[in-house]
Amino acid sequence: MRNRFSNIIIIKKTALSKCENELAHLNHEKDMLKIKEQKTIRIINSFVFPKSGSFIEIQSANAKLLSIRVQMQNIINDIKATDNKIENKQNEYKYHNIEYEKIKYLEKDEQKKIDYKIKQQEERIINDTTSYMHYAKSS
């Protein structure tokens, strides 16, 4: 049975689900960045400087290694940023979850009140019917 909190609980549940989806997306994004980080680490570890050659070749290899290290630093920065986003989203999720639970409690409490009123009305109807039947037998 619907009460005045039913629509609010739907809205709160939607916000909670949206937050869950965003959190899952951020976790997936972090996992992808971690994979990228591992690949970059493997590239750095497998990088070999030329043992001989011209100055330009050595400078080119050094520039390439520097480029890979800059890329690695960017990935690390992205992971840190994603961690911050995840932390913020987790806090938002906690907030939405608390709000949802509050409204859910209020809805259950309201439903109990409605059920109690219905039960009282049914008892009154039964009492009135019983009184009428008793009065009808007496007459």
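User: Why is Gln90 called partly exposed?

Analyst: This is a predicted model, where local features need pLDDT of at least 70, side-chain atom pairs count only at pLDDT 80 or more, and totals for chains, interfaces and linings use all residues. Residues are numbered from 1 along each chain as its sequence is written, and side-chain values use heavy atoms, with hydrogens and water left out. Gln90 has a relative accessible area of 38%. Buried means under 20%, exposed means over 50%, and partly exposed lies in between, with a 1.4 Å probe and protein chains only. So Gln90 is partly exposed.

User: What makes Cys19 count as buried?

Analyst: Its relative accessibility is 1%. The cut-off for buried is under 20%, so Cys19 counts as buried.

User: Where are Gln90 and Cys19 placed?

Analyst: Gln90 is found in helix H2, residues 55-138. Cys19 is in helix H1. Helices here are DSSP runs (H or I, at least four residues; strands are E, at least two), numbered from the N terminus. Gln90 and Cys19 are 71 residues apart in sequence and 8.4 Å apart in space, C-alpha to C-alpha.

User: Which residues does Cys19 touch, not counting those up to four places away in sequence?

Analyst: Cys19 touches Lys89, Glu92, Tyr93 and His96. Contact means heavy atoms within 4.5 Å. Leu16 is in contact with Tyr93, His96, Asn97 and Tyr100, leaving aside its neighbours within four places in sequence.

User: Why are H1 and H2 called roughly antiparallel?

Analyst: Their axes come within 8 Å and cross at roughly 160 degrees. Axes are lines fitted to C-alpha atoms, for helices over the stretch in contact, and angles run from 0 to 180 degrees between N-to-C directions. Under 35 degrees is roughly parallel, over 145 roughly antiparallel, 65 to 115 roughly perpendicular, and the rest oblique. H1 and H2 are therefore roughly antiparallel.

User: What makes up the largest nonpolar core?

Analyst: It has five residues: Phe5, Ile9, Leu16, Tyr100 and Ile103. A nonpolar core is a set of buried Ala, Val, Leu, Ile, Met, Phe, Trp, Tyr and Cys residues joined through side-chain atoms within 4.5 Å. Helix H1 (6-46) and H2 are the elements that give two or more residues to this core.

User: How do you know what kind of aromatic pair Phe47 and Phe49 form?

Analyst: The structure holds one aromatic pair. Phe47 and Phe49 are 5.6 Å apart centre to centre, with 90 degrees between the planes. Rings of Phe, Tyr and Trp (its six-membered ring) pair if their centres lie within 6.5 Å; planes under 30 degrees apart count as stacked, over 60 as edge-to-face and the rest as tilted. So this pair is edge-to-face.
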